[in-house]
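Let us look at how strands pair up. Follow the questions with the model in view.

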Amino acid sequence: MTGWTNGLCGPYRATRYDTLTDTFTQLPVSLAPPPSNQFARATRVFDISDDGDTLVGGDDNWNTNFTIRRYRAAVWTRNPATNTWALNVLDPNGGEIYRISGDGQVATGRDASGQACRWVRGAGNTWTKFLLGTPGLPTSINHDGSVIAGDLFIWRADLNGGQAVDIYTHIANLGGAELVELPGA
């Protein structure tokens, strides 16, 4: 969840609500390096893993060249031992992450160039980016991150050499009936 923290036009911050403890936790924000030294103007969360320990979205701060302030692809992870949250900005120049797999190991969204991506979690909470081969918007991901779908595309590692494929082409390849666009659609 997100909301204003200081009046109507104050900082807009991502917050996690825990139904078991009835508590709200404001998630960390980035601090731009010198000379800016500014905290992120806004953060927002779009999705949460099944266990509630990984959240994805965007952190609005300066890009690496301090030329433009924009949302940057971000992941928040909770350390269960200390109940503390860490922020990882996965693309310091832009982008946003829209979905996280149920197991919290694969995130999908767009990078700064507008390309659809998936980020895979590695050891030590590191994330590796892989391009999906489309500028489409990823809108769905399955539990383990092995299937991603979006703006008329589908991605699976075993399809099309690991590049996204147009959904109409994929259905036709499966022997599905011809899809017809409805009038006015």
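Q: How many bridges join β14 to β15?
A: Strands here are DSSP runs (E, at least two residues), numbered from the N terminus. Two strands pair if DSSP finds at least two bridges between them. β14 and β15 run antiparallel, and the number of bridges joining them is 2.

Q: How far can this model be trusted for such details, and what pLDDT do local features need?
A: This is a predicted model, in which side-chain atom pairs count only at pLDDT 80 or more, totals for chains, interfaces and linings use all residues, and local features need pLDDT of at least 70. Residues are numbered from 1 along each chain as its sequence is written, and side-chain values use heavy atoms, leaving out hydrogens and water.

Q: Which residue takes a positive phi in the hairpin of β13 and β14?
A: β13 and β14 run antiparallel and are joined by 4 bridges. Their hairpin has 2 residues between the strands. The residue with a positive phi near 60 degrees is L152.

Q: What is the bridge partner of P138 in β13?
A: β12 and β13 pair in the antiparallel sense over 3 bridges. β13 spans residues 147–150. The partner of P138 is G150.
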